[in-house]
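I opened a new notebook page today and wanted to get to know this structure step by step.

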Amino acid sequence: MSDLFIGAVFLALGLIVFYSAWNMPRLETRGVPGYAIPGLVPMILGACLALCGFLLSLRSIRSGDLAAHFRSLEIPALFRSNEMRRLLTMLALALFYTLGMVGRLPFWIATALFTFAVIFIFEYFISDKQHGLARCVTLAAVEGVLVGIAITWIFQDGFLVRLP
């Protein structure tokens, strides 16, 4: 049942990415060839994601009786599961990063804080194994700083993208 749901989500997300990339400026007036348009890679990735989502849903449909799965689905139990707690935590952190930090803080600091928060929360609070506080803070801080600097450097100097 989860394969059907996740496959449908990936199919929809892939189609949205493909459509958005298709509508990006193609820069014909600047003489940019078709293989170098800005939306080409996201378009290909969106198509691949949509295809994988479709195949995952199709496999789920072929594997058994969907009506029995729907009858046995317990919605309240689904929202109490560890997987849902992880999903909602990640969603909240991603929204806070994109809506609260990016644009208000230098990009590398926002990215470092986001990476720190994700690693720390998932390793210390949500992990199935209990890790020590000092270990989690140290690991999250080191990885946060490295990821923040690396992503900023790659996008600014490698891809020549102006970051907020």
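My entries below go from confidence to core, rings, a charged pair and one threonine.

**Entry 1: ground rules.** I am working with a predicted model, where local features need pLDDT of at least 70, side-chain atom pairs count only at pLDDT 80 or more, and totals for chains, interfaces and linings use all residues. Residues are numbered from 1 along each chain as its sequence is written, and side-chain values use heavy atoms, with hydrogens and water left out.

**Entry 2: confidence.** I looked up pLDDT, the predictor's confidence in each residue, from 0 to 100. The protein chain averages 86, and 90% of the residues score at least 70. Where is confidence lowest, and where is it highest? I found the lowest mean, 62, in helix α3 (residues 66–72), while α6 has the highest, at 95. Helices here are DSSP runs (H or I, at least four residues), numbered from the N terminus. A note to myself: where pLDDT is low, the predicted coordinates should not be read in detail.

**Entry 3: the core.** For burial I used relative accessible area: under 20% is buried, over 50% exposed, and in between partly exposed (1.4 Å probe, protein chains only). The largest core has 8 residues: L93, Y97, M101, F107, A110, F114, A117 and V118. I then checked the contacts of L93 (heavy atoms within 4.5 Å). Leaving out residues up to four places away in sequence, L93 touches F114, A117, V118, I121 and F122.

**Entry 4: aromatic rings.** How many aromatic pairs does a search of the whole structure find? My search gave 6. Rings of Phe, Tyr and Trp (its six-membered ring) pair if their centres lie within 6.5 Å; planes under 30 degrees apart count as stacked, over 60 as edge-to-face and the rest as tilted. The rings of F18 and W22 are stacked, because their centres are 6.3 Å apart and their planes at 20°. These two are 4 residues apart in helix α1 (residues 2–22), so about one helical turn separates them. F18 counts as partly exposed at 30% relative accessibility, and W22 does too, at 44%. The pair F116 and F120 is also stacked, with centres 5.9 Å apart and planes at 5°. Both lie in helix α6 (residues 107–125), 4 residues apart. F116 is partly exposed at 27%, whereas F120 is buried at 14%. F116, F120, Y124 and F125 form one aromatic cluster.

**Entry 5: a charged pair.** I searched for salt bridges (a side-chain nitrogen of Lys or Arg within 4 Å of a carboxyl oxygen of Asp or Glu). The count came to 1. E123 pairs with R135, the closest N and O atoms being 3.7 Å apart. E123 lies in α6 and R135 in α7, so the bridge ties together parts 12 residues apart in sequence. Both partners are partly exposed, E123 at 26% and R135 at 45%.

**Entry 6: T152.** T152 touches F107, W108, D157 and L163, not counting residues up to four places away in sequence.

Notes
Core = buried A, V, L, I, M, F, W, Y, C linked by side-chain atoms within 4.5 Å.
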